[in-house]
Amino acid sequence: MIDEAAIWGALPVPGLVLDAEDRIASANPAAENFFNASERALLGAPVWDRLMVDAPMEESFRRARENGTPLFVNDVDVGTGDRPPMQCNLQIAPLGGPAGAMILVISPRELAGRLTKSHSVKSAAKSAIGMAEMLAHEIKNPLAGITGAAQLLSMNLSKDDLELTDLIVAETRRILKLLEQVEQFGNTRPPTMQPVNVHDVLDRARRSALLGFGAHMKIVEDYDPSLPLAQGDPDQLLQVILNLLKNASEASDPAGGTVRLHTYYEHSFRLRRADGDGQSLPLQIEVIDDGPGLPADLEGDIFDPFVSGRENGTGLGLALVSKIVSDHGGWISVSSAPGRTVFRISLPRAPREPKETR
Ligand SMILES: Nc1ncnc2c1ncn2[C@@H]1O[C@H](COP(=O)(O)OP(=O)(O)OP(=O)(O)O)[C@@H](O)[C@H]1O
Ligand SMILES: [Mg+2]
């Protein structure tokens, strides 16, 4: 038998148990460190006096307690009063046992970043793309020349030699196509933001996937019908969902697999930017597949351009997804295990009143 107190003590992230009145009922050693106070000093203190969270969460916290459901709040600034606030993810869950008791785990972001592989386009990735774009542009012209020359040559050739010129033409076409993809990647215009019904976008993506690359897949809809409109560019969001569905279809067993399109509203999800500007991203879209999961060696890098685990992959699909989501001010994260890979996109809500026209 493992001693439960030992588990609590060994937990490497700050953890608190709160009683029904939101007072601290227990603090593990990592929490003592975090607060720079002994457990004895913390006991009985109203938690929101000790922990300053820069996000409105009373409402969702209350709901989590009432419904007995867990609550995740990502990227909030958490202060303890005696040092500068730190970006953290908070995980809150009802503790079986005493009525109303909750457990609260605080994961400082350096750690959270490593654990959840959340991602946005990094500047290194951006310059890699810029470089590739320039190269693509430079290579395209001579390539067109090569194709043309091969076609001219082929007019006077014997049948055997024709095979060779055909090969040149076919291979240069393939390279051209790849280059076009790279260029297209660089060309994505900034999103034209407007109120979007996420479910319309998902339906379009679903139908087009089922007609094409995803014909062998089952795509299940699991929508929250009360989801409000998102603020975004419908065409670009369609591209995002298509890329995710394509990856799921490619990863799945050729005999078929299932993708679940899940939407829900998470009132308290906020993104905090480096400049301190916080944005609420309450609309959640999850694309969940039951395939083999991400290749372990790629896991941390899949959003980088040219990272691919597939024979013919260019590795641009997820880089584009990540770019579009980040242009939307949104957030994407992934968690993957064999049998369950979840890509989760968090988007801003459309403004409630129509904006005045200028
Ligand atoms: N749902 C998934 N299940 C398993 N592996 C995945 C999944 N989605 C992505 N991957 C892995 O991540 C890699 C990168 O994906 P990405 O879409 O960026 O590139 P790609 O699919 O290889 O090429 P492209 O999309 O440009 O044709 C894939 O090659 C694959 O190995
Ligand atoms: Mg792909």
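A: Let's look at the largest cavity, which holds about 50 Å³ of space. This is a predicted model, where local features need pLDDT of at least 70 and side-chain atom pairs count only at pLDDT 80 or more, while totals for chains, interfaces and linings use all residues. Residues are numbered from 1 along each chain as its sequence is written, chains are lettered from A and ligands numbered from 1 in the order written, and side-chain values use heavy atoms, leaving out hydrogens and water.

Points are joined across faces, edges and corners, and the volume is the space filled by probe spheres set on them. Searching the whole structure turns up two cavities of 30 Å³ or more.

So who lines the largest one (an atom within 4 Å of a point)? You'll find V198, V201, L202, L237, V240, I241, I285 and I345 there. By class, that's eight nonpolar, no polar and no charged residues; nonpolar here covers Ala, Val, Leu, Ile, Met, Phe, Trp, Tyr, Cys and Pro, charged covers Asp, Glu, Lys and Arg, and polar is the others, Gly among them.

Helices α9 (198-211) and α10 each give at least two residues to this lining. (A helix is a DSSP run of H or I, at least four residues, numbered from the N terminus.) Helix α10 turns up again at ligand 1, where it brings the largest share of the shell, four residues.

Notes: On a 1 Å grid over the protein atoms alone, a cavity is a set of points where a 1.4 Å probe fits but cannot get out, and a pocket is an open set with protein on both sides within 12 Å along at least five of seven lines; lining residues have an atom within 4 Å of a point.
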